[in-house]
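Dear colleague,

I am passing on the structure that we discussed, followed by notes on the spaces in it and on one residue beside them. Please read the notes with the structure open.

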Amino acid sequence: MDPCATLATELRAAVPAGGLSIEFQPLFDLDGSGQPARPVAVEALCRWHHPRFGTISPVHFIPLAETHGIIADLGAAVLTRAGRQVAAWQRAGHELGLSVNASPSEFSAAWVDTVARRAGELGLSAGSLTIEITESPAPQLLPSVLAVLEQARAAGLGLSIDDLGAGDTTTPMLDALPLTEVKIDRSLTQRDDADADEAVAAVVEQARRNGWTVVAEGIETPDDLERARRRGCDRGQGFLLGRPMPAAELAALLSA
């Protein structure tokens, strides 16, 4: 039997059985000095701890889920579990946003309705859910996909382009998308040269015109953090500020 098919069958069974776990990586405002203390949002990240193979990276199982038609169920499971937890933190008084990843292959009018309805059922505060889309401009610029993104914004969902700078997206391409956030890829965040400064400056300038939030990803050193602030990024995310962590650890960070 094809090993990939076998693994896909196991993944399909793991999704409804609770075989996947959720970790939360915090995002912080960069409007102060020093290291930020409390997160303003979290990104929900799915983890698969296979009983035989150990931890399988999302780099491997997400494409598997897309290829074998499991991605919709996987996305729904992540939203439900992460949304329920973040809604509980919000009820406890923490003003916290939630970001979940989505593939353009999921996008449809029915998908938007389902996500928006589920966010309400889970009790997430209005406007606190953001959908992250990995930089991949070709499908996102299709008229059918653009229409779905417009519908998502009308339904109160935030839209973020992830890993900006890792692919071929240009700033004019971004203007066609109804975004609320752009996330600068670590490949730019961690570079200290004039070309990187110029690339980030162009995104920050465009974000100011359009009202987008700019997030610097991959902040791993104090120099990365200082650069992100100097370049005008609004928020930061990375191992220096907080690694992906289970809910109990994130709760302790919120209460610190």
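Helices and strands here are DSSP runs numbered from the N terminus, where a helix is H or I with at least four residues and a strand is E with at least two. This is a predicted model, in which local features need pLDDT of at least 70 and side-chain atom pairs count only at pLDDT 80 or more, while totals for chains, interfaces and linings use all residues. Residues are numbered from 1 along each chain as its sequence is written, and side-chain values use heavy atoms, with hydrogens and water left out.

The search for spaces used a 1 Å grid over the protein atoms alone: a cavity is a set of points where a 1.4 Å probe fits but cannot get out, a pocket is an open set with protein on both sides within 12 Å along at least five of seven lines, and lining residues have an atom within 4 Å of a point. Grid points are joined across faces, edges and corners, and a volume is the space filled by probe spheres set on the points.

The largest pocket holds about 1200 Å³ of space and has 43 lining residues, with E43, A44, L45, I62 and N101 nearest its centre. Among the elements that each supply at least two residues of this lining are strand 2 (41–50), helix 2 (58–67) and strand 6 (158–164), but helix 3 gives the most, with eight residues. With Ala, Val, Leu, Ile, Met, Phe, Trp, Tyr, Cys and Pro counted as nonpolar, Asp, Glu, Lys and Arg as charged, and the others, Gly among them, as polar, the lining of the largest pocket has 21 nonpolar, twelve polar and ten charged residues.

The second largest pocket holds about 210 Å³, and of its 15 lining residues G127, S128, T130, E181 and R235 are the closest to its centre. Its lining has four nonpolar, nine polar and two charged residues.

S128 itself sits in the loop between helix 4 and strand 5, and it is buried, with a relative accessible area of 11% (buried means under 20%, exposed over 50% and partly exposed in between, with a 1.4 Å probe and protein chains only). Leaving aside residues up to four places away in sequence, S128 touches Q90, L96, G97 and L98, where contact means heavy atoms within 4.5 Å.

Finally, the structure holds two cavities of 30 Å³ or more, and the largest cavity has a volume of about 40 Å³.

With best wishes
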